[in-house]
Amino acid sequence: MLENLTQRLSRVVKTIRGEARLTETNTQEMLREVRLALLEADVSLPVVRDFVAKVKEKALGEEVVGSLSPGQALVGVVHQELTALMGGDLGPEASELSLAMQPPAVILMAGLQGAGKTTTTGKLARWLSAGDHVQYGRKTGKKKVAVVSADVYRPAAIEQLKTVAVQVGVEWIASDASQKPEDIARSALDYAKRHHFDVLIVDTAGRLGIDEAMMQEIKMLHSVLNPIETLFVVDAMQGQDAVNTARAFGDALPLTGVVLTKLDGDARGGAALSVRHVTGKPLKFVGVSEKLDGLEPFHAERMAQRVLGMGDIVSLVEQAQKNIDVAEAQKLAAKMKSGDKFDLNDFRDQLAQVKKMGDMGSLLEKLPAQFAQAAGQLQSGQADKQLRRTEGILNSMTPQERAKPELLKASRKRRIATGAGVPVQEVNRMLNQFEQMQGMMKQMKKGGMAKMMRAMGG
Ligand code: GDP
């Protein structure tokens with residue numbers, strides 16, 4: 001997702017990191033790189049200008065505090081501004097769906113033909129009926145969802161929605177190409193009311209380009225349905241055109257949010273950054289696959305982190321927190337800090353925690369770019385397998401052996417290897433790694449985190 005932009009910006013970020021001081025000249029240089037990265041990603045020029053100006057203004061006024069280097073401070077400013085640009089300034093609730101209207105809450109889908117309206121209708125229906133919808137930080141529970149198509153121009157469109165509805169297991173309200181779109185809307189709304197649906201999603205006709213008749217029609221649908229959400233669906237691969245389309249739809253309709261589809265493709269992704277700016281509306285979801293589970297709620301801050309190659313640490317922590325024993329983790333962290341007391345028993349506890357965090361592959365994906373690259377050779381299956389083998393070795397030791405690894409001479413190692421079903425070399429390799437880890441912890445104790453990061457080239 002947004003790979004080119006991510007790569008360019010992480011190069012910039014690296015250069016910035018190397019700088020000892022932030023001067024007018026090197027700030028200019030770095031901002032030029034940021035500007036190029038954004039333009040290359042197809043972010044529209046006025047947006048780029050505005051963005052760079054804001055970053056510059058903030059960066060030059062920024063006090064460099066504590067352990068931050070000036071370069072790090074600039075990265076921080078870029079991150080803040082990217083977050084704001086993508087809607088972070090509206091607050092975290094802005095990207096949530098509002099379904100307060102009683103019942104049914106109507107969601108109107110608007111956008112050009114091929115943008116992904118029908119697919120997104122299905123994805124949303126699935127997501128809402130599965131109970132994944134969150135409002136003000138809380139899940140709102142499973143919704144009873146119906147969908148209807150008001151696309152009377154392509155007969156196949158109505159059938160396509162039916163197929164999707166069956167796949168995700170929501171109610172499809174029949175419509176017919178001989179009906180008027182507004183009549184379809186009225187009767188679907190009536191049906192959804194009588195049958196106590198929580199949500200009615202209305203898929204509409206798109207055209208290949210902006211077209212006056214289409215705009216009139218969707219305005220009419222809007223007035224008939226009085227939707228609580230009017231979502232503009234736009235294809236990320238459209239680049240600059242996405243911006244023009246967004247403007248036209250934004251002028252015609254009181255949009256409440258944007259869904260950016262096909263972010264999994266080779267889209268340059270700049271649209272994600274411009275569309276918000278142009279429509280003034282929050283991005284609410286991104287489409288990340290053709291499949292009907294390929295929909296993600298949009299988080300400006302997390303997206304900014306991904307774009308900067310900083311990894312999606314928040315999602316990572318959320319995933320971890322679900323499973324991990326916080327008190328236990330803190331105890332371990334304290335031990336790690338104290339350095340010399342960390343033995344193989346602690347190592348075993350630590351692995352158990354890591355295992356609880358979940359599938360290694362999906363964790364690795366959310367790590368910052370450098371870490372993920374380092375771990376890149378590890379396919380998720382391999383990482384999990386390696387973890388189990390290491391655990392097997394540790395479990396074949398006695399508690400005394402784990403407390404005092406120096407007891408482990410050749411005969412004991414052979415016994416352990418047999419117990420774990422691995423070659424002796426693997427026991428040796430694990431012990432070497434453990435020694436290196438201990439060494440690193442001692443470094444940490446002596447020189448602090450900064451020294452260790454430098455040693456690691458961070
Ligand atoms: P509509 O004309 O706006 O209703 O668009 P469709 O829902 O028919 O989607 C057009 C094409 O885009 C279909 O082939 C979809 O499978 C595909 N599509 C929609 N959303 C996504 C997405 O997020 N990722 C990918 N890769 N394909 C998508």
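Within what distance do the axes of helix α5 (residues 117-129) and helix α6 (residues 155-168) come, and at what angle do they cross?

Reply: The model is predicted, so local features need pLDDT of at least 70, side-chain atom pairs count only at pLDDT 80 or more, and totals for chains, interfaces and linings use all residues. Residue numbers start from 1 along each chain as its sequence is written.

Two packed helices are described by the angle between their axes and the distance between the axes. The axes of α5 and α6 come within 9 Å and cross at roughly 25°. Axes here are lines fitted to C-alpha atoms, for helices over the stretch in contact, with angles from 0 to 180 degrees between N-to-C directions. On the α5 side, the contact is made by Thr118, Thr121, Gly122, Ala125 and Arg126. α6 contributes Ala157, Gln160, Leu161, Val164, Ala165, Gln167 and Val168. Contact means C-beta atoms, placed from the backbone, within 7 Å.

Now the wider setting. The chain has 20 helices and 10 strands. Of its 458 residues, 37% are buried (20 or more other C-beta atoms within 10 Å of the residue's own; exposed is 12 or fewer, partly exposed is in between). Among contacts with a separation of 6 or more, 73% join residues 24 or more positions apart.

Next, α7 (residues 181-194), which holds tyrosine 191. Tyrosine 191 counts as partly exposed because it has 17 C-beta neighbours inside 10 Å. Its C-alpha is 9.6 Å from that of alanine 146, 45 residues away along the chain. Histidine 196 lies in the loop between α7 and β6 (199-203). With 9 other C-beta atoms within 10 Å, histidine 196 is exposed.

Helix α8 (residues 212-225) has 14 residues and reaches 20 Å from its first C-alpha to its last, close to the 20 Å expected at 1.5 Å a residue. That expected span is 1.5 Å times one less than the number of residues. Buried in α8 are Met214, Glu217, Ile218, Leu221, His222, Val224 and Leu225. They cover an arc of only 165° around the axis, which puts them on the same side of α8. The arc is that of the directions from the helix axis to the C-beta atoms. Their cover includes β1 (105-110), α7, β6 and β7 (229-235). Glu212, Gln216 and Ser223 are exposed on the other side of α8.

Helix α9 (residues 240-252) has 13 residues, which should span 18 Å; its end C-alpha atoms are 19 Å apart, which agrees. Its buried residues are Ala242, Val243, Thr245, Ala246 and Phe249. Seen down the axis of α9, they fall within an arc of 165°, so they line one face of the helix.

Last, the backbone angles. Most residues other than glycine have a negative phi. Histidine 196 has a positive phi, near 55°. Asparagine 226, which follows α8, has a positive phi near 45°. Lysine 262 also has a positive phi, about 65°. Lysine 262 lies in the loop between β8 (257-261) and α10 (270-279), and is buried, with 23 other C-beta atoms within 10 Å.

Technical notes
Helix = DSSP H or I, 4+ residues; strand = E, 2+ residues; numbered from the N terminus. Contact = placed C-beta atoms within 7 Å.
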